[in-house]
Amino acid sequence: MTNQIKPFNNVYITGISFISALGGYLFGFDFAVISGALPFLRKEFLLDPVWEGFLTGSLALGCIAGCLLAGNIAEKYGRRPGLMVAAFIFAVSSLGIALSKGLVFFVIMRFAAGIGVGMASMLCPMYIAEISPASVRGRNVAINQLTVVLGILITNLCNYFLADKGVDAWRWMFGLGVIPSAIFLIGVIWLPESPRWLVKAGKPDKAKQVLSKIGATEFVNTTLKAIEKSLSGATKQSYKAVFAKAVRPAVLVGITLAVFQQFCGINVVFNYTSTIFASVGSSLNQQLFETVSIGIVNLVFTLLAMWQVDKLGRRPLMLIGSLGLSVLYIALAFSLQSHLAAGIISILVLLAISIYATSIAPITWVLISEIFPNKIRSEASTVAVVSLWGAYFILVFTFPILAKVLGTYGPFYLYAAICFCGFLFVKTKVKETKGQTLEELEDNLIRH
């Protein structure tokens, strides 16, 4: 039994997981860069609350387009070419944003950046799940979230040090996005194609070669048989197949979790840190320092999530996260409403970030990458991630408007209620997935 515990090339698996997860860094970069740039952009483009929300949310609209594009590329040409296109688009759009001369061109370029981010956000977790053995799949998919939070932290640090470089500091903030996208593009060239896509594309010999680099002979043969069985009779799937009766429950769970990850409200904290702390009298320097603190806490607790996701499991972490956020948001809203000291606000914000980073942030991506059958994984992942980005747009577009009408504290009471509803949904509808192969999950979640 001992010989069967680790029949894998763990160094190789972790290496390709980290490289493919660099797409998550682009995701984190664009999440964080807007928070540091907004104080400059408000003056540069004279933004009102509606335009501020739309400028911030335009990334999400691009992400929706990117998901749809990624789904088609991933099915027709493979996961790897999709990742390469994502990196190229992001590099070009980062330069475009940095050189923007007007608000309209800025929004168009941010939309283009969203296409790259959307492609990466769908393909990276799906690719990692498809190349990872069941025993480490949760940890490996969570590497994608680790690179997201590294992107947030490093970008927040860059924003902090660039803030005193004059009125054009925001151009440098966005322009630096060329560097991680170029590194990602070079890294993807080294990656193998997903063995599950290769089998689906009628290339079982190439799939066997990839699997042989991942694990021992028994793993290769068992995995190949399971993939072929799950794909037997498979034909090109339309998006209509995603909502077929047999798979509908899993798809609806995936969509609901994706929407909940955004409507839980935490990305308001990431994108509008400066707005929240300005409401309690913090200076610009203090506001940007808070973004750095958020990035550090986010990183530490994401590492904790990676350690626990394959031990404690997906479901318990989601339950803890949703209920914990609900309680903390009520405390945060009350503190903002009562104009308590910025230090208290900071502690509550960092506690909320820590709970989110340990639970809802990484686990949602893990579950989305796991619960869909092989035959429709690409299409179902597209639908779920499009739903996620649609929810993100609604969240960040509405916050400046809600904050103006209700006060900065008002929206957090709403997010608290949503988190409690999310807790009830996870408790009643989400099943544990740890330790099962993708094919076993398909058998257990769909056919039984």
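Colleague: Which residues does Ser58 touch, not counting those up to four places away in sequence?
Modeller: Ser58 touches Val107, Arg110, Phe111 and Phe393. Contact here means heavy atoms within 4.5 Å. This is a predicted model, where local features need pLDDT of at least 70, side-chain atom pairs count only at pLDDT 80 or more, and totals for chains, interfaces and linings use all residues. Residues are numbered from 1 along each chain as its sequence is written, and side-chain values use heavy atoms, with hydrogens and water left out.

Colleague: Where is Ser58, and is it buried or exposed?
Modeller: Ser58 sits in helix H2 (residues 49-76). Helices are DSSP runs of H or I, at least four residues, numbered from the N terminus. Ser58 is buried, with a relative accessible area of 1%. Buried means under 20% relative accessible area (1.4 Å probe, protein chains only).

Colleague: New topic. How many aromatic pairs?
Modeller: The count is 23. Rings of Phe, Tyr and Trp (its six-membered ring) pair if their centres lie within 6.5 Å; planes under 30 degrees apart are stacked, over 60 edge-to-face, the rest tilted.

Colleague: Why is the pair of Phe106 and Trp170 edge-to-face?
Modeller: Their planes are at 65°, with centres 5.8 Å apart, so the pair is edge-to-face. Phe106 lies in helix H4 (residues 103-131) and Trp170 in helix H6 (residues 169-175), so the pair ties together parts 64 residues apart in sequence. Phe106 is buried at 0% relative accessibility. Trp170 is buried at 0% too.

Colleague: What about Tyr329 and Phe412?
Modeller: Their centres are 5.7 Å apart and the planes at 50°, so that pair is tilted. Tyr329 is in helix H15 (residues 314-337) and Phe412 in helix H19 (residues 410-429), 83 residues apart. Both are buried.

Colleague: Which aromatic cluster are they in?
Modeller: One formed by Tyr272, Tyr329, Phe399, Phe412 and Tyr415.

Terms used
Helices (H or I, at least four residues) and strands (E, at least two) are DSSP runs, numbered from the N terminus. Buried means under 20% relative accessible area, exposed over 50%, partly exposed in between (1.4 Å probe, protein chains only).
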